[in-house]
Amino acid sequence: MGSVRRPRVRWLLRAVVGAVLVAGLVIGGTAFRVWQVARVDDRRPVDVVVVLGAAQYDGSPSPIFAARLRHARDLYDQGVAARIVTVGGRRAGDGFTEADAGRRYLVDRGLRGDAVMAIGEGSDTLGSLRAVAAVADQRGWHTALLVSDPWHSLRARTMARDSGLESWTSPTHSGPVVRTRETQVRYIIRETAALLFYRLTHASVETEGSGLG
């Protein structure tokens with residue numbers, strides 16, 4: 001009887017060790033891709049630059065959001081696209097959507113009103129990008145350059161392409177999210193988990209206050 005149990009125990013241990021190794025490879029490989037894509041600025045001529053929303057306070061973008069908007073303006077000035085789209089919905093009690101706050105920020109700093117569009121739909125990245133993809137389909141836009149924080153780039157690009165919008169990323173490398181190594185590590189861990197969750201469920205993870213939902 002004991003001789004029968006030992007092979008079973010060995011098989012179970014091997015299965016557990018194998019599962020742990022596979023899980024480690026998947027998590028490690030995903031974290032590496034998050035880090036790798038974060039380092040790439042894949043700017044190119046596109047139909048539209050899309051600025052992913054983050055927190056805003058009574059119509060004023062948070063430091064994270066403002067850093068994204070400044071980067072998008074630089075891309076516009078370089079002729080990457082003739083239009084910027086700001087996205088992001090409204091939280092309970094807010095007087096402005098993130099998209100509206102972003103548009104106002106850019107127009108107040110000299111961008112022509114007809115060069116920036118606010119799409120204030122979606123409570124997270126996935127919802128916002130699906131709304132952008134729907135508008136893009138209506139207006140004949142086929143390509144987009146996504147502006148967000150570096151660690152958010154891979155998941156945002158994945159969601160945009162899954163929504164039918166051919167997309168690349170040009171992350172901002174200024175602002176609170178990239179200021180310290182500890183912050184960078186924390187966001188890489190968060191984005192790795194969020195991307196794995198999305199790949200398993202095709203749903204977004206709400207990361208309130210970060211703009212990385």
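This report walks through a predicted model of a protein chain, from its overall layout down to a few residues.

## Ground rules

The model is predicted, so local features need pLDDT of at least 70 and side-chain atom pairs count only at pLDDT 80 or more, while totals for chains, interfaces and linings use all residues. Residues are numbered from 1 along each chain as its sequence is written, and side-chain values use heavy atoms, with hydrogens and water left out.

## The big picture

Let's start with the whole chain. The secondary structure comes to six helices and seven strands. Here helices (H or I, at least four residues) and strands (E, at least two) are DSSP runs, numbered from the N terminus.

The C-alpha trace spans about 80 × 35 × 30 Å along its principal axes. Of the 213 residues, 47% count as buried; buried means under 20% relative accessible area, exposed over 50%, and partly exposed in between (1.4 Å probe, protein chains only). Take the contacts with a separation of 6 or more: residues 24 or more positions apart account for 69% of them. A contact means heavy atoms within 4.5 Å.

## The sheet

Five strands form an open sheet in the order β5-β4-β1-β6-β7, with parallel pairing. Two strands pair if DSSP finds at least two bridges between them. At the edges stand β5 (116-119) and β7 (166-169), each with a single partner strand, so one side of each is left without a neighbour in the sheet. On average, neighbouring strands are turned by 25° against each other, direction ignored.

Helix α4 (residues 125-139) lies across β1 (48-51), β4, β5 and β6, and runs at about 130° to β5. For such angles, axes are lines fitted to C-alpha atoms, for helices over the stretch in contact, and angles run from 0 to 180 degrees between N-to-C directions. Helix α5 packs on the sheet too, touching β6 and β7, and its direction makes about 170° with that of β7.

## Two helices side by side

Two packed helices are described by the angle between their axes and the distance between the axes. For α5 (residues 153-162) and α6 (residues 181-201), the angle is about 20° and the axes are 9 Å apart. That makes α5 roughly parallel to α6; angles under 35 degrees count as roughly parallel, over 145 as roughly antiparallel, 65 to 115 as roughly perpendicular and the rest as oblique.

On the α5 side, the contact is made by Leu-154, Arg-155, Thr-158, Met-159 and Asp-162, and on the α6 side by Glu-191, Ala-194, Leu-195 and Tyr-198. By class, that is five nonpolar, one polar and three charged residues. (Ala, Val, Leu, Ile, Met, Phe, Trp, Tyr, Cys and Pro count as nonpolar, Asp, Glu, Lys and Arg as charged, and the others, Gly among them, as polar.)

Thr-86 sits in strand β4 (residues 84-87) and counts as buried, at 0% relative accessibility. Not counting residues up to four places away in sequence, Thr-86 touches several others, including Val-51, Leu-69, Arg-103 and Met-117.

His-142 is in the loop between α4 and β6 and counts as exposed, at 56% relative accessibility. Leaving aside neighbours within four places in sequence, His-142 is in contact with Asp-47, Leu-165 and Glu-166. The C-alpha atoms of His-142 and Gly-164 are separated by 8.8 Å, with the two residues 22 apart along the chain.
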